[in-house]
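User: I am new to this structure and would like to know what the terms used for it rest on. Please show it and then take the terms in turn.

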Amino acid sequence: MRILVVEDEYKIANSVKKGLEQEGYAVDVVYDGNEGYDMASAEEYDVIILDLMLPGLDGVTLCKKLREDRNHTPILMLTAKGQTSDKVDGLNAGADDYLVKPFAFEELLARIRALTRRPVNGGQTILKVGDLELDTTAYEVKRVGKSVNLTRREFALLEYLMRNPGKIMTKDQIIAHVWDYDADVLPNTVEVYVGYLRRKIDNVFPKEKPIIHTVRGFGYKLGQNSNVKS
Ligand code: CA
């Protein structure tokens, strides 16, 4: 999951980035509305956290512009206390939800979770591919009922692949959704992490059909059908 934070208060922006990264999200921060618009247009995000009052473009205008561009990335608008009419403007402009500052980090996390799972599978927090299960809120992974221990990054990678079962995901797509903009990740790093996942998910279960498949020259695909080549 990759998140863009557009917020001109450094303290809030940086603590949100730090907290979300600890939760395994890839996070990019910009402090200006115009930059926010450029980043949101150029990169693929899973959620945008957008402050209302910003230098350059304000949050409502930015939100409207993205929706006019047919960019449907879920937007969580941040408003200051007492700006109730602004929050209505934000929702009218196409934001999906709003949060009043100051907010508790747990509250922010809950809203992000709600926004990212909403369009994927109607409120389900457990993703399933074959006999593999991943719980996006409890951070648990199980294969044939047995727990699999993953690091944050491995979990984020597996979650992204499990949200796109049966589709070939390229290394560039994986990097864009699992690592942040500043991370400077090489395609080789993706191979390394897929290798870690494969060890924990396929090699440990030799009796089961492999789930992680390399599609040479293209990327990776998750699935347990017999017609998927490994
Ligand atoms: Ca502000």
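Analyst: A crossing of two helices is left-handed if the near helix is turned anticlockwise from the far one by less than a right angle, and right-handed if clockwise. Helices (H or I, at least four residues) and strands (E, at least two) are DSSP runs, numbered from the N terminus. The model is a predicted one, in which local features need pLDDT of at least 70 and side-chain atom pairs count only at pLDDT 80 or more, while totals for chains, interfaces and linings use all residues. Residues are numbered from 1 along each chain as its sequence is written, and side-chain values use heavy atoms, with hydrogens and water left out.

User: Which hand does the crossing of α6 and α7 have?

Analyst: The crossing in which α6 passes α7 is right-handed. Contact, meaning heavy atoms within 4.5 Å, is made by Arg153, Ala156, Leu157, Tyr160 and Leu161 of α6 with Gln173, Ile174, His177 and Val178 of α7. These residues divide into six nonpolar, two polar and one charged. For that count, Ala, Val, Leu, Ile, Met, Phe, Trp, Tyr, Cys and Pro are nonpolar, Asp, Glu, Lys and Arg are charged, and the others, Gly among them, are polar.

User: What makes valine 29 count as buried?

Analyst: Buried means under 20% relative accessible area, exposed over 50%, and partly exposed in between (1.4 Å probe, protein chains only). Valine 29 has 18% relative accessibility and therefore counts as buried. Valine 29 is found in strand β2, and apart from neighbours within four places in sequence, valine 29 is in contact with Val5, Ala13 and Lys17.

User: How do you know whether glycine 166 is buried, exposed or partly exposed?

Analyst: Glycine 166 has 44% relative accessibility, so glycine 166 counts as partly exposed. The residue is in the loop between α6 and β10. Beyond neighbours within four places in sequence, the contacts of glycine 166 are Lys221 and Leu222.

User: What makes β10 and β12 a pair?

Analyst: Two strands pair if DSSP finds at least two bridges between them. Two bridges join β10 to β12, which run antiparallel, and methionine 169 stands opposite tyrosine 220 in β12.

User: Why do β10 and β11 count as edges?

Analyst: The open sheet has three strands in the order β10-β12-β11, with antiparallel pairing. β10 and β11 (212–215) each have a single partner strand, so one side of each is left without a neighbour in the sheet.
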